[in-house]
Amino acid sequence: MAVNRVPILKRCRSLGLDPVYLGIDKKSNRELKRANRKISEYGLQLREKQKAKFIYGVLEKPFHNYYEKADRMKGMTGENLMIILERRLDNVIFRMGLARTRRESRQIVDHKFVTVNGKCVNIPSYQVKAGDEIEIREKSRGIQRFKDILEVTGGRLVPEWIDVDIENLKGIVKELPSRDQIDVPVDEMLIVELYSK
């Protein structure tokens with residue numbers, strides 16, 4: 001299995017991204033030394049794609065598959081792509097506040113701590129649907145790890161499209177998110193332009 005091992009703060013600096021979007025409170029003290037050269041149109045499009053891939057922790061091939069799927073759906077391709085990425089199970093766990101970062105939420109799903117509608121799901125890319133009930137397994141709720149996570153994520157804002165019961169470590173996807181409910185700093189139209197060349 002391919003794993004992205006790029007240092008997070010270094011990657012955030014190179015993409016001009018705030019680490020808060022990844023659930024990380026640290027700030028890098030270093031400044032990016034970049035010559036004042038103009039970035040080409042292609043460079044801007046590629047940077048937006050790399051930002052989206054990095055934020056959601058998706059590698060190139062699955063990301064391209066998401067784009068193809070979004071292109072076949074009705075509506076705007078860029079908005080569809082962002083909604084598909086937002087519907088990933090690891091992202092929903094992160095949004096619910098049951099993980100500090102998306103990488104941690106991916107690990108929580110991988111280690112079979114999560115059930116969807118009562119069934120154990122260990123696929124981070126699983127696409128949740130409206131009405132799905134997502135919870136941490138009964139056996140795993142008393143683990144110290146989740147108590148530590150809740151201390152850190154207690155004040156995090158939960159999106160309107162998810163209803164969360166933090167006490168019981170569970171939540172319900174009330175509806176699928178719309179683009180204006182997704183607070184990720186990515187210009188999806190540049191990604192569409194890049195792929196449509």
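1. Lys49, Lys53 and Glu60 are linked in a network of salt bridges, a salt bridge being a side-chain nitrogen of Lys or Arg within 4 Å of a carboxyl oxygen of Asp or Glu. By this rule the count comes to 12 salt bridges.

2. A word on what you are looking at: this is a predicted model, in which local features need pLDDT of at least 70 and side-chain atom pairs count only at pLDDT 80 or more, while totals for chains, interfaces and linings use all residues. Residues are numbered from 1 along each chain as its sequence is written, and side-chain values use heavy atoms, with hydrogens and water left out.

3. On confidence, pLDDT is the predictor's own score for each residue, from 0 to 100. The protein chain averages 87, and 93% of the residues score at least 70. Confidence is lowest in helix 1 (residues 8-15), with a mean of 81, and highest in helix 3 (residues 60-72), at 94. Helices (H or I, at least four residues) and strands (E, at least two) are DSSP runs, numbered from the N terminus.

4. Back to the charged pairs. Asp90 forms a salt bridge with Arg106, with the closest N and O atoms 3.8 Å apart. This pair links distant parts of the chain, as Asp90 sits in helix 5 (residues 89-96) and Arg106 in helix 6, 16 residues apart. Asp90 counts as buried at 2% relative accessibility, whereas Arg106 is partly exposed at 27%. (Buried means under 20% relative accessible area, exposed over 50%, and partly exposed in between, with a 1.4 Å probe and protein chains only.)

5. Two further salt bridges deserve a look. Glu188 and Arg179 have their closest N and O atoms 3.0 Å apart; Glu188 is buried at 9%, and Arg179 is buried at 15%. In the pair Arg100 and Glu104, the corresponding distance is 2.8 Å. Here Glu104 is buried at 10%, while Arg100 is partly exposed at 27%.

6. Arg102 lies in helix 6 (residues 102-110). Leaving aside neighbours within four places in sequence, its contacts (heavy atoms within 4.5 Å) include Tyr21, Tyr56 and Phe94.

7. Now the sheet: it is open, with 5 strands in the order 2-1-3-5-4 and antiparallel pairing. Strand 2 (119-120) and strand 4 (162-165) stand at the edges with a single partner strand each, so one side of each has no neighbour in the sheet. Two strands pair if DSSP finds at least two bridges between them. Strand 3 (residues 133-136) meets strand 5 over 3 bridges, with Glu135 opposite Lys170. Strand 4 and strand 5 are joined by 4 bridges, and Ile162 stands opposite Val173.

8. Finally, two backbone angles to check. Most residues other than glycine have a negative phi. Leu169, in the turn of the hairpin formed by strand 4 and strand 5, has a positive phi of about 50°, and Leu169 is buried at 4%. Asn117 also has a positive phi, about 55°; Asn117 lies in the loop between strand 1 and strand 2 and is partly exposed at 46%.
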